[in-house]
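These are my notebook entries on one chain. I record what I looked up, entry by entry.

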Amino acid sequence: MFCPRCGTQTERRGGELVCPAGNMPLAPHTASRLAAAFVERTATPSAEPLRYRAGGRWYCPGCGVRMVTEPHDVRCPRCTLHLNQFLVELVELHSHAGTIDPVTGEHIFDGMRD
């Protein structure tokens with residue numbers, strides 16, 4: 001699975017799924033739900049538009065590509081799945097160190113462009 005904050009391939013460390021680039025462990029509940037939706041495809045993430053404005057850079061946990069961020073929606077241009085239902089917990093519970101965008105080479109801090 002890819003990190004939804006920076007697009008880096010995650011790794012298992014002591015039973016946890018961790019983004020090595022951002023030194024960010026994913027909460028087990030979040031990791032299992034993301035994997036079910038984006039990797040195993042055993043769950044379908046909600047496509048319901050957000051009630052608040054979305055922002056920042058996000059990457060598809062299944063494809064690793066940069067997602068399209070619109071005012072009330074975050075979706076993958078490749079697999080068309082939506083990250084909407086995960087955004088609050090990803091922002092509030094998952095601190096991510098600054099990294100370099102794997103595609104553009106630009107510095108990213110905490111999922112947002114500098």
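Which residue forms a salt bridge with D73, and how far apart are the closest N and O atoms? I found that the partner is R75, with the closest N and O atoms 3.7 Å apart; a salt bridge requires a side-chain nitrogen of Lys or Arg within 4 Å of a carboxyl oxygen of Asp or Glu.

**Entry: basis of the values.** I note that this is a predicted model, in which local features need pLDDT of at least 70, side-chain atom pairs count only at pLDDT 80 or more, and totals for chains, interfaces and linings use all residues. Residues are numbered from 1 along each chain as its sequence is written, and side-chain values use heavy atoms, with hydrogens and water left out.

Entry: I looked up the accessibility of both partners. D73 is buried at a relative accessible area of 10%, and R75 is partly exposed at 25%; buried means under 20% relative accessible area, exposed over 50%, and partly exposed in between, for a 1.4 Å probe and protein chains only. Salt bridges with shared partners join E70, D73 and R75 into one network.

**Entry: the overall fold.** I counted two helices and eight strands in the chain, taken as DSSP runs numbered from the N terminus (helices H or I, at least four residues; strands E, at least two). Along the sequence I read the pattern β-β-β-α-β-β-α-β-β-β. The chain has 114 residues, of which 44% count as buried. Its accessible surface comes to about 6000 Å², with 53% belonging to carbon and sulfur atoms; the areas come from the Shrake-Rupley method with a 1.4 Å probe, and for residues only the protein chains shown count as cover. Among contacts with a separation of 6 or more, 47% are between residues 24 or more positions apart, a contact being heavy atoms within 4.5 Å.

Entry: I listed the buried residues of α1 (residues 28-39) as T30, A31, L34, A35, A36, A37 and F38. They pack against β2 (16-19), β3 (24-26) and α2 (87-93). After the helix comes R41, with a positive phi near 60 degrees.

I then examined the largest nonpolar core, which has 27 residues; such a core is a set of buried Ala, Val, Leu, Ile, Met, Phe, Trp, Tyr and Cys residues joined through side-chain atoms within 4.5 Å. L26, L34, F38, C60, M67 and L83 touch the most other members. At least two core residues come from each of β2, β3, α1 and α2, and the largest share, five residues, is that of α1. L83 is in contact with P4, L34, F38, W58, P61, M67, V74 and L90, its neighbours within four places in sequence left aside.

Entry: How many aromatic pairs does the count give? I found one aromatic pair, where rings of Phe, Tyr and Trp (its six-membered ring) pair if their centres lie within 6.5 Å, with planes under 30 degrees apart stacked, over 60 edge-to-face and the rest tilted. The ring centres of F38 and F86 are 6.1 Å apart and their planes lie at 55 degrees, so the pair is tilted. F38 is in helix α1 and F86 in the loop between β5 and α2, so the pair ties together parts 48 residues apart in sequence. Both F38 and F86 are buried.

R33 and E89 meet in a salt bridge at 2.7 Å, N to O. R33 lies in helix α1 and E89 in helix α2, so this pair ties together parts 56 residues apart in sequence. R33 is partly exposed, at 24%, whereas E89 is buried, at 16%.

**Entry: Q85.** I located Q85 in the loop between β5 (73-75) and α2. Q85 counts as partly exposed because its relative accessibility is 36%. Its side chain reaches the backbone nitrogen of S46 at 2.6 Å. Beyond residues up to four places away in sequence, Q85 touches R33, T44, P45 and S46.

**Entry: T10.** I placed T10 in the segment before β1 (11-13). Is T10 buried or exposed? T10 counts as buried because its relative accessibility is 9%. A polar atom of its side chain lies 2.6 Å from the backbone oxygen of M1.

Key. A polar contact is a pair of N or O atoms within 3.5 Å; within protein, one must be able to donate a hydrogen and the other to accept it, and residues adjacent in sequence count only if both atoms are side-chain atoms.
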